[in-house]
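Okay, everyone, thanks for coming. Have a look at the chain on the screen, and I'll talk you through it.

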Amino acid sequence: MSDSVNEKDVKQGAEDAVNTGVEVNAANVGNDINADSVANVTNADGSPALDMLVKIGKKQLFLQRITTLATVGIFVVVLVTMLVLVPKVTMTLTNIDKMVADASSSVENINAMVAEMTDASKNLNQLVNDNTEPLTQAVNNMAGIDFEGLNKAITDLQATVGPMAQFFGRFK
C-alpha cells in the first residue's frame, strides 16, 4: 500500500467518518494522509479521534487477552483431562483385551467339550444300536419268566431247607 490516497478515497473516508459521528477538518482533505493529519480528525463532540481509536484499541486488547486466557484455560482443561483419562482408557482397553483372550480360550474349550459330547452321544447311539437285539432278547426272556412258579419253588425250597438249617444250627 502506498502512503498517498487519491481524493476520491479521502472523500469516501470523510463521508464514512461523518456517518459514524467523526468530522474531518478541511486541512486533512488533501492528497497525503499521515499521522499528523489523523491527529487533527475530531469527533462530533470536538474530542480528537485518535483518543477514540486508542480507547477502541485498548478494548480490543482487553478482549484479545480474555480470548487468549480462555483459550489457554480450555487447553489446560483438555490437557489435564487427557492426562487423567488416557491412562484409564489404556488400562481399560488392556483389561478388555485380556477378557477377550480369556473368552476366546473359554469358547475354544466349550467347542472341544461339545465335540467330545457329540462323539460320546454317537458312541452311545452306536452301543444301543449294536446291543438292541441282545437287549430285546434279554427283556423278552425276563418277561417270559414264570414268577409265580419261581415263587412257589422258592417257598418249597425254604420249607425243605428250613428244618435242615435248624438241625445244623444246633451244632454250632
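Let's start with a term: a contact means heavy atoms within 4.5 Å. Now, among the contacts in this chain with a separation of 6 or more, 17% come from residues 24 or more positions apart.

Some housekeeping before we go on. This is a predicted model, where local features need pLDDT of at least 70 and side-chain atom pairs count only at pLDDT 80 or more, while totals for chains, interfaces and linings use all residues. Residues are numbered from 1 along each chain as its sequence is written, and side-chain values use heavy atoms, with hydrogens and water left out.

So what's in the chain? You get five helices and two strands, in the order α-β-α-β-α-α-α along the sequence. Helices here are DSSP runs of H or I with at least four residues, strands are runs of E with at least two, and numbering goes from the N terminus.

How much of the chain is buried? Buried means under 20% relative accessible area, exposed means over 50%, and partly exposed is in between, with a 1.4 Å probe and protein chains only. The chain exposes about 14700 Å², and carbon and sulfur atoms supply 64% of that. Those areas come from the Shrake-Rupley method with a 1.4 Å probe; for residues, only the protein chains shown count as cover.

On to helix α4, residues 132-143. The expected span is 1.5 Å times one less than the number of residues. The number of buried residues in α4 is zero, so this helix lies largely in the open.

Next is helix α5, residues 147-169, with 23 residues. It reaches 31 Å from first C-alpha to last, close to the expected 33 Å. α5 also bends by about 30° at Val-161, and Pro-163 follows within four residues. The bend is the angle between axes fitted to the seven residues ending there and the seven starting there.

Finally, the rings. The structure holds two aromatic pairs. Phe-167 and Phe-168 sit 5.5 Å centre to centre with 65° between the planes, which is edge-to-face. Phe-167 and Phe-171 have centres 5.2 Å apart and planes at 85°, so they're edge-to-face as well. Rings of Phe, Tyr and Trp (its six-membered ring) pair if their centres lie within 6.5 Å; planes under 30 degrees apart are stacked, over 60 edge-to-face, the rest tilted. Phe-167 is partly exposed at 44%, Phe-168 is exposed at 54%, and Phe-171 is exposed at 60%.
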